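Let's take a friendly walk through this model. Have the viewer open and follow along.

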Amino acid sequence: MNYFELFDLVPAFDIDTANLAERYRDLQRAVHPDKFAHASEQQKLLSVQRTAQVNDGYQTLKSPLRRAEHMLSLRGIDLSHETTTIRDSGFLMQQMEWREMLEDINDAAEPQDAVDALYDSFASYEKSLFTLLSQLLITAAEDDNKQAADQIRKLKFMAKLNDELARIEDALLD
Amino acid sequence: MAYSEKVIDHYENPRNVGSFDKNDPSVVTGMVGAPACGDVMKLQLKIGANGIIEDAKFKTYGCGSAIASSSLVTEWVKGKTVEEAASIKNADIAEELALPPVKIHCSILAEDAIKAAIEEYKSKQSK
């Protein structure tokens, strides 16, 4: 399923998200099961399937990380089911260090300051990864696709870190 | 999802957690990560002049299965030669811990951590 086609968008990493949201609303209305209340069983079923596709497509294209992953899958590189491991030791060292810092948050004198500082560090690193990723995805060259896949893998680690940090922050507020 | 008793045992009482002094010339480090779940694993081996693994330590950030897999391999590699350790397969780890199919990648991570550490050992040897 090509979600860019579904939403009638040019397949690109940099998309107009307001435009995407607008098309989502239009599509959702057009395929909504309520419109098919008096239609045949087959049309009802189709409407339910289309609605699910439209929702999946919107969630995929809305998230920059999932959008990039979708672009690569359209180019024949499937990252969602891979079980490969990465060995970039510099990157992994940094991940370990950040995980250790997450563990230390609760012992900090000002835990919220520690949380905010980590959010900033994560955001600035993610920004640099996304900048590179967006450039790599412009061409569909094999080598650029491979490098784009590496950025996506790194961003998945960052997503995990952000989830953990959000969880710790929630616990602080309790 | 239910963890097996062996996974729970390793998770609750992980063996050989920690780090060696990385400046110790007999210590090699394998760092690996799994993008699918964001798990990070560090395995360190202390290898004697005879090529026998004298000690092992790990540090893993991940799910129970990832922690159990790395804890288990630190026990398995001790006393083995580098070649014997290199022949440990993820299927052996998965079988021992009764990992369900969705957690097989945790055992792959542990196998790859051994390989990464041994690669560092071999590149050190050839210098």
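## About the model

Please keep in mind that this is a predicted model.

## Where chain A meets chain B

Start with the interface: 16 residues of chain A are in contact with 16 residues of chain B. On the chain A side, the elements that give two or more residues are helix H5 (89-104) and helix H7 (142-173) of chain A. H5(A) supplies the largest share of that side, with 6 residues.

Now turn to chain B, where 3 strands form an open sheet in the order E1-E2-E3, with antiparallel pairing. Strand E1 (27-34) and strand E3 (53-61) of chain B are the edge strands, and each pairs on one side only. On average, neighbouring strands of this sheet are turned by 15° against each other, with direction ignored.

Zoom in on one pair: E1(B) and strand E2 (residues 39-47) of chain B pair in the antiparallel sense over 8 bridges. To find a specific link, pick Thr29(B), whose bridge partner in E2(B) is Gln44(B).

## A helix across the strands

Which helix lies across E1 and E2 of chain B? That is helix H5 (residues 104-125) of chain B, running at about 145° to E1(B).

Methods: Residues numbered from 1 in each chain as written. Chains lettered and ligands numbered in written order. Predicted model: local features only at pLDDT ≥ 70, side-chain atom pairs only at ≥ 80, totals over all residues. Contact = placed C-beta atoms within 7 Å. Helix = DSSP H or I, 4+ residues; strand = E, 2+ residues; numbered from the N terminus. Pairing = 2+ DSSP bridges. Axes fitted to C-alpha atoms, helices over the stretch in contact; angles between N-to-C directions.
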